Amino acid sequence: MDNKFYITTPIYYVNDKPHIGHAYSSIVADVLARWRFGQGEDVVFSMGVDENAQKTVDAAAKRGEEIRAYTDRMAEIWQSTWEKLGLSYTDFIRTTEERHAAVVVDFWRRLEAAGDLYKEKYEGWYCRGHEAFLNEDELTPDGLCPEHKTKPDWVSEENYYFALSKYQQPLLDFYAAHEDFVAPANRFNEVKSFVERGLEDVSFSREKKAWGIPVPDDPEQVIYVWADALVNYITVVGGIEGWEQHPADIHVVGKDILRFHAVIWPAMLMSAGLPLPGQALASGFFTIDGVKISKTIGNVIDPLDLTARYGNDALRYFLLREIPFGEDGDFSEAKMRDRYNADLANGLGNFAARVLALAEKEESVAELSDPAFQLEMDRMRQLAFLRTKEFKFNEALAAIWAAISFGDRYMNNEAVWAIQDGEDRRENLGNLIALLGAVAEVLLPYLPDSSRKISAAIRREDGATRASRIEPLFPRVTA
Ligand code: MSP
């Protein structure tokens, strides 16, 4: 095994700017990327934008912008949002890049060589919101897409088909041999029963479209946006050879696009004779104040508006602490503010400020000496590790916060600030500083900014530990 860890987020559509739903999957991937990096792994963490969609064409037209200028502008908005949120991605891909088109063509030829692409007349309802065909029985009684509430386009054209049905048994065999392929487990069961019910071949191209990657040797056809988008994961690692050497370890996806990643994508890879990814990790969806996030409803929240008020770490903390990974959740600013004040301002922020301010008054503090502290630190490290590994981010954070409470209780019980005896004070503070340092260390993947500030305030000099006070990490916020 090499020492590489390759993780991806979905590549997002550019018909609009990022909202907190998008920020959520991106932050989850970032925590895992930072966590594995902390274990000494060579991390490739890719993000990007999915531009070759019909909805890109529609969005540019609606705004009266030339399509390339529009996608350039939007790609910049997406990338700079991730930049401002401090995400540690190593690659940002745009599907309109030449490096991508070249890989998509290579990949297409492999499916063709395997005999898995054939041309046939297709008729059906194409939903631009889904960028997929819907079955008649999936529509509402008045013929609308139940999710997007729009009337799908009736498409009647000749398309290339991908022989997905051929892969039903190979997929089931693969699932049986890789019991972690989809996490959480309940989502994996949904995927398995979907495949067990039987698979239909899927349309893999559209006729006479001006936008997208042309089908090799058939310029009348454009490759279906999902058949192009999924291949981005191969482009990022330099093409087919790069993927053969090390396929993605984890694809972080929302539950809405799990089928594409856990059914169609592995089948495409099997057809192309390429290795399969390690895992598809599906997040739930969240609502805002109980309502689906939607532009029409007007409840879209820009993550940057939140971080301007609370900071990047606070958004990360709230999303990961509040919603058990994989489940649907609800966002509300009031809930975020409550948690911010309780857990961050009064919790971590206050604990760090008190311990560091007291320790600063000492020339140096003693080494860790109390076995109860040692035990608490071991417990915290172990639990944080295990829960992160299981993608139970909320429980990992709860374990870290239990250690903070332990430290707080100790301070209050011992009234450390009032201890007169100098040696006794140095000893107490030595234990507290060791605990705070350990908290900062395990928090690094979760709250990188705060973790760094705390760690930088604790120094080893001439064989002694010294500390200095820091600016408040989380100033209280009122409504
Ligand atoms: N372009 C495709 C993905 C191609 S990947 C090869 C796409 N893009 S998207 O912009 O519509 O959404 C991508 C992802 O954003 C979703 O799968 C999900 O991870 C995330 N979310 C979008 N809305 C969300 C919520 N309301 N809540 C949680 N996550 C959400 O699909």
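**View 1. Helix α12 and its buried residues.** In helix α12, the residues Asn-312, Asp-313, Ala-314, Leu-315, Arg-316, Tyr-317, Phe-318, Leu-319, Leu-320 and Arg-321 are buried, where buried means under 20% relative accessible area, exposed means over 50%, and partly exposed lies in between (1.4 Å probe, protein chains only). The helix runs over residues 312-322 and is mostly covered, with 10 of its 11 residues buried. Helices (H or I, at least four residues) and strands (E, at least two) are DSSP runs, numbered from the N terminus. An α-helix has 3.6 residues a turn, so residues three or four places apart point the same way. This is a predicted model, in which local features need pLDDT of at least 70 and side-chain atom pairs count only at pLDDT 80 or more, while totals for chains, interfaces and linings use all residues. Residues are numbered from 1 along each chain as its sequence is written, and side-chain values use heavy atoms, with hydrogens and water left out.

**View 2. The whole protein.** The protein has 17 helices and 18 strands. Its radius of gyration is 26 Å, close to the 23 Å that the globule rule gives for 479 residues, so the protein is as compact as a globular protein of that length; the radius is taken over C-alpha atoms, and the globule rule is 2.2 Å times the number of residues to the power 0.38. Taken along the principal axes, the box that the C-alpha atoms fill is roughly 90 × 50 × 40 Å. Of the 479 residues, 56% count as buried. Among contacts with a separation of 6 or more, residues 24 or more positions apart account for 76%, a contact being heavy atoms within 4.5 Å.

View 3. Strand β17 (residues 458-461) pairs with β18 in the antiparallel sense over four bridges, and two strands are said to pair if DSSP finds at least two bridges between them. Within this pairing, Glu-461 has Ala-464 of β18 as its bridge partner. In a regular strand the side chains alternate between the two faces of the sheet. Strand β18 (residues 464-467) is covered on both faces, with Ala-464 and Arg-466 buried on one side and Thr-465 and Ala-467 buried on the other. Two residues lie between the strands of the hairpin, and there Asp-462 takes a positive phi near 45°. With a relative accessibility of 76%, Asp-462 counts as exposed.

View 4. Most residues other than glycine have a negative phi, and most peptide bonds are trans. Asp-289, however, has a phi near 50°, a positive value in a residue other than glycine. This residue, Asp-289, sits in the loop between β15 (286-288) and α11 (303-310), and it is exposed, with a relative accessible area of 56%. In another part of the chain, the peptide bond from Ala-183 to Pro-184 is cis, with omega near -10°. Pro-184 is placed in the loop between β8 (182-183) and α6 (185-196).

**View 5. An open sheet of four strands.** The strands of this sheet follow the order β6-β5-β7-β9, with antiparallel pairing. At its edges are β6 (132-134) and β9 (202-203), each of which pairs on one side only. Strand β5 (residues 117-127) pairs with β6 in the antiparallel sense over three bridges, and the bridge partner of Cys-127 in β6 is Ala-132.

View 6. From C-alpha to C-alpha, Pro-219 and Ser-203 are 17 Å apart in space, while in sequence they are 16 residues apart.

**View 7. Gln-54 and its contacts.** Gln-54 belongs to helix α2 (residues 54-62), and at 17% relative accessibility it counts as buried. Leaving out residues up to four places away in sequence, Gln-54 touches Arg-128, Glu-131 and Lys-209.
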